[in-house]
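Please read them with the structure open.

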Amino acid sequence: MIRMKLIFVVLAALMATLVAAPLHAQVQERPLPHLVKKDGRFALFVDDAPFLMLGAQVHNSSSWPSALPKVWPAMEYLNVNTVEMPIYWEQFEPQPKQYDYTMIDTLLAEARQHRVHLVLLWFGTWKNGSQHYTPEWMKLDLVRYPHMVDRDGQAVDSPSPHAVASLEADKSAFTAFMQHLKETDPQRTVLMVQVENEAGSWGSVRDFSPAAQKLFEAPAPPELLSAMRVKTASSSPNWRQAFGPDADEYFHAWSVAKYIGQVAAAGKAVYPLPMYANAALRDPFNPGPPGLPGSTGNYESGGPTDNVLAIWKVAAPALDILAPDDYQDDPAAYLKVLELYHRDDNALFVPETGAADKARFFFCALGLQTIGFAPFGLDYTHKAADRSLNQADASRPPEELLAPWAMNYRLVGPMQREIARLNFEGKLQAVAEEQGKVTQTMPFGSWNAFVSFGAARDNRGAGNPNPAGRALVARLSDNQFLVAGFFCRVDFRPAGTEQQRKFQHIVKGTQQNPSALIDGKWQHRQFLRVEEGTYEDGTFKPIRIWNGDETDWGLDFSSEPVVLRVTLGIY
Ligand code: DGJ
């Protein structure tokens, strides 16, 4: 009897422990996602290996549980592996210090059901330069949570980065959010967190409130002066003395970055996921004035625009990445932006982009080792709308606008791990068609891969009617390459040894197959084996061999997602 009682007590205790145990005790805790830099290249490590985020960002009001049924079908069609979803401060903290976790829990549960990762966007103090997502109790107390003031003393539709109470409130809420993620996401559904959204201000270059003015007239921070290599007559110059005409903008960038850096640091102290801030860009070639409403080229002042990245890096070290929202219409500007944010101190990540005609530039981002890419607003909560069409058109099937992005992800999806690894190892290059540039060459040591768009048999590209071509090539071993793309032809030409390239005259020829006269001897490319296949669990599985018409003029890619493993030789 006593023994029975004992067994019962032990069993009851065991049950109680199981019931009381937090959910994550029953789920295997996975390694934390983190950024790794090696040999000058970055990768996002997920489960301790490079991972490429094939992402999409939902519309601003699509994170509500009632909207999600219109989100998931679009995400499935796109074949994303990561969805970017906002978390709204006004929903999360309806009353001071009363946090509502229901929406986060729903997002986590539904993302897991749909087998995708999340990047969560903290719509906190700033959303597109304004404070529209702060809770109502903050909006009603403008003395404690003030707006910025412009040069004329007028309130601006933008929060002051000098508002101490706002900073404290944001830090507390963000920390509670991160703490909850830590407790409820041992499986690391969430890969990264965006801190604020397109921070800065549109209505004024900076805050001209008395508090801000006092700081502006005080000595500029010494760590910034030394990072920017500023030399002035005074050893502790104020902002104007240090930065002349750029002082207002730099002061604002510093102030906004400092604020966001503190929010990020507070959140990271409880749960150190990678964090980033996104930028509303300025025109990379012809920027207008910052924060000057009504002027041509006016851009949001204070955010991580290309001219103040160094300031943000010093002011906000808790942010791992400064990321461009690339909506540039001009293709040259679009590509320039990718280059500007691909830096030795900054991994390229494109958290927002738009206009379906730019889908091909996903490949250019890959060529710059992007860790992820996400077109904006492709869920089905809105009628078909696209910047390039400049209109909403209900008669169009909803998938039509998604198709160019879906093509990319269908092609890369099954091999995203391999692409991320090859990129991290510096073995991958990728290009997209640019108007008037109908061929492009990618050098891979002893081989040059060349791509032509709209090519005829002689490989002379004429360009596609719509420039939609894109190609990626990765070196698997000395004479073996992975090749994939759309609307293009890819071929290879011998490029000799490093010595020969340095000292000998190499003549490119087209005598037979792509050839080169190297050290007075013709070398011709021959395809030893061209295998079409697919990656399954990290292994390339050939499904057929290309030869004859499929290889005699080069390797042609149409709208089908085709991956080739190409083994080359010379005769
Ligand atoms: C950029 C912002 O970051 C997004 O939240 C959204 O407002 C888009 N612009 C709309 O184009």
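Which residues have the most contacts inside the largest nonpolar core? The points below start there. Keep in mind that this is a predicted model.

1. **Main core.** Phe177 and Leu181 are the residues with the most contacts inside the largest nonpolar core. That core has 118 residues. Helix H10, residues 247-270, gives the most to it: eleven residues. In soluble globular proteins, nonpolar side chains tend to be buried together.

2. **Around Phe177.** Leaving aside residues up to four places away in sequence, Phe177 touches Ile87, Phe92, Ile104, Leu120, Trp122 and Val193. There is also a second, separate core, with 23 residues. Val431, Val530, Phe557 and Leu564 are among them.

3. **The barrel.** Eight strands close into a barrel. Their order is S4-S5-S6-S9-S10-S11-S12-S13, and the pairing is parallel. On average, neighbouring strands of this sheet are turned by 30° against each other, direction ignored. One of the pairings is that of strand S10 (residues 275-280) with strand S11 (residues 321-326), in the parallel sense over five bridges. Here Ala277 stands opposite Leu322 in S11.

4. **Strand S4.** Is S4, residues 53-57, mostly covered or mostly uncovered? S4 is mostly covered: five of its five residues are buried. Met53, Gly55 and Gln57 point one way, Leu54 and Ala56 the other, and all are buried. S4 pairs in the parallel sense with S13 over two bridges, and Met53 stands opposite Gly372 in S13. Three bridges join S4 to S5, also running parallel. In that pairing, Gly55 stands opposite Thr82 in S5.

5. **H7 against H10.** The axes of helix H7 (residues 210-217) and H10 come within 11 Å. They cross at roughly 110°, which makes H7 roughly perpendicular to H10. The crossing is right-handed. H7 makes the contact through Ala212, Leu215 and Phe216, and H10 through Ala247, Asp248 and Phe251.

6. **The open sheet.** Four strands form an open sheet, in the order S17-S18-S21-S26, with antiparallel pairing. Why is one side of S17 and of S26 left without a neighbour in the sheet? Strand S17 (439-444) and strand S26 (555-557) stand at the edges, each with a single partner strand, so one side of each has no neighbour in the sheet. The twist averages 25° from one strand to the next. Strand S18 (residues 447-452) and strand S21 (residues 488-494) run antiparallel and are joined by six bridges. The bridge partner of Phe450 in S21 is Asp491.

7. **Lys521.** Lys521 is found in strand S24, residues 521-536. Its relative accessibility is 60%, so Lys521 counts as exposed. The C-alpha atoms of Lys521 and Met75 are separated by 54 Å. Along the chain, Lys521 and Met75 are 446 residues apart.

Methods. Residues are numbered from 1 along each chain as its sequence is written. This is a predicted model: local features need pLDDT of at least 70, side-chain atom pairs count only at pLDDT 80 or more; totals for chains, interfaces and linings use all residues. Side-chain values use heavy atoms; hydrogens and water are left out. A nonpolar core is a set of buried Ala, Val, Leu, Ile, Met, Phe, Trp, Tyr and Cys residues joined through side-chain atoms within 4.5 Å. Buried means under 20% relative accessible area, exposed over 50%, partly exposed in between (1.4 Å probe, protein chains only). Contact means heavy atoms within 4.5 Å. Two strands pair if DSSP finds at least two bridges between them. Axes are lines fitted to C-alpha atoms, for helices over the stretch in contact, and angles run from 0 to 180 degrees between N-to-C directions. Angles under 35 degrees count as roughly parallel, over 145 as roughly antiparallel, 65 to 115 as roughly perpendicular and the rest as oblique. A crossing is left-handed if the near helix is turned anticlockwise from the far one by less than a right angle, and right-handed if clockwise.
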